[in-house]
Amino acid sequence: MKKSDRTRQDILDATASSLATAGYTATTVKSIAETIGMQDASIYYHFSSKDELVGQVLDIGTSLAVDAVDRALAELTDCKDPREALRVAIIAHAEAVLGGGDYPRANVRSFGQLPPELVSRHRKGHRDYGQIWTRLIDNGVESGALRGDLNRSVARLIIIGALCWAIEWFDGAGDVTAADVGEHVFQMVVNGLSADQPHQHAVSV
C-alpha cells in the first residue's frame, strides 16, 4: 500500500473510532488529526471537508452490514424456511454492528446527529438495506410463516431498532456474544411475528 493510501486509511480509521465512541458532533478534524499525529491541514489534502470524511466512513459501515447479511443469506440457498432466513439475517447484522469494529458502530451511533445534507446522502443506502428486510418479512408473510395482520414496516423497524440499540450496552466483554444478541432478538421479536403464536389483540397501524 502506498504511503498516501496508508495515511488515508489511518484517517478513516481514526474517524470511525471517534464517531463510534463520541458521535458526529464531538468528532472534529482537529481531534482526528491529533489522534494520528497529523496537522489539521494535512487531512484536507485527502478529504475536502469533515462531512466528506464522515460520509465515506458511513458508506463503509453500511457496506459492511449489507455485505454481512448478503453473505449469510447466500449460504441459505437450499433453505426454504423464511423464519430461518430472518434468523440468519438478524444474527449477521448483530455480528456486523456489534462485532464488526468501529465502522458499523459509527454508522449507528452518529446517524441521528448528522446534518440534513449527510442524511440525504445516506438515505438511499439505508432504504436499499431496508429493502432486504422488507423482502424477508414479505416472504414470511406470503408463505404463511409470519402473521399477516401486523404492519410490515413497523416490524422491520422494530427488528433493526432492537439490534442497533444494543450498541449502547454491548461491550463484548462478558459471556454474551454478538451472535447471542441476534439470537435473543430473533427469539423475542420474530417469534411474536410467527403465525403459529396466539395473538388475540392484533392492532393495525
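Predicted model: local features only at pLDDT ≥ 70, side-chain atom pairs only at ≥ 80, totals over all residues.
Residues are numbered from 1 along each chain as its sequence is written, and side-chain values use heavy atoms, with hydrogens and water left out. The protein has 9 helices and 0 strands; helices (H or I, at least four residues) and strands (E, at least two) are DSSP runs, numbered from the N terminus.

**Overall picture**

- Along the sequence, the pattern reads α-α-α-α-α-α-α-α-α.
- Taken along the principal axes, the C-alpha atoms fill a box of roughly 60 × 35 × 30 Å.
- Of the 205 residues, 41% count as buried, where buried means under 20% relative accessible area, exposed over 50% and partly exposed in between (1.4 Å probe, protein chains only).
- Take the contacts (heavy atoms within 4.5 Å) between residues at least 6 apart in sequence: 73% of them join residues at least 24 apart.

**Helices H1 and H4**

- Helix H1 (residues 3–26) packs with helix H4 (residues 50–74) at an angle of about 90°, and their axes are 9 Å apart.
- Axes here are lines fitted to C-alpha atoms, for helices over the stretch in contact, and angles run from 0 to 180 degrees between N-to-C directions.
- H1 and H4 are therefore roughly perpendicular to each other; angles under 35 degrees count as roughly parallel, over 145 as roughly antiparallel, 65 to 115 as roughly perpendicular and the rest as oblique.
- On the H1 side, the contact residues include Arg8, Ile11, Leu12 and Tyr24, and on the H4 side they include Lys50, Asp51, Val54 and Ile60.
- By class, this contact of H1 with H4 has 9 nonpolar, 3 polar and 3 charged residues. Ala, Val, Leu, Ile, Met, Phe, Trp, Tyr, Cys and Pro count as nonpolar, Asp, Glu, Lys and Arg as charged, and the others, Gly among them, as polar.

**Helices H5 and H6**

- H5 and H6 also pack at an angle of about 90°, with their axes 6 Å apart, which makes H5 roughly perpendicular to H6.
- Ala96, Val97 and Leu98 of H5 meet Pro104, Arg105 and Val108 of H6 in this contact.
- The residues of the H5 contact with H6 divide into 5 nonpolar, no polar and 1 charged.

**One side of helix H9**

- Helix H9 (residues 178–189) has 12 residues and reaches 16 Å from its first C-alpha to its last, close to the 16 Å expected at 1.5 Å a residue; the expected span is 1.5 Å times one less than the number of residues.
- Ala178, Val181, Gly182, Val185 and Phe186 of H9 are buried.
- They lie on the same side of H9 because they cover an arc of only 135° around the axis, the arc being that of the directions from the helix axis to the C-beta atoms.
- The buried residues of H9 pack against helix H5 (82–99) and helix H8 (152–165).

- Histidine 46 sits in helix H3 (residues 40–46) and counts as buried at 17% relative accessibility.
- Leaving aside neighbours within four places in sequence, histidine 46 is in contact with Ser4, Thr7, Arg8 and Ile11.
- Leucine 114 is in the loop between helix H6 (102–110) and helix H7 (116–143), and is buried with a relative accessible area of 8%.
- With neighbours within four places in sequence again left aside, leucine 114 is in contact with Tyr24, Val54, Leu58 and Val119.
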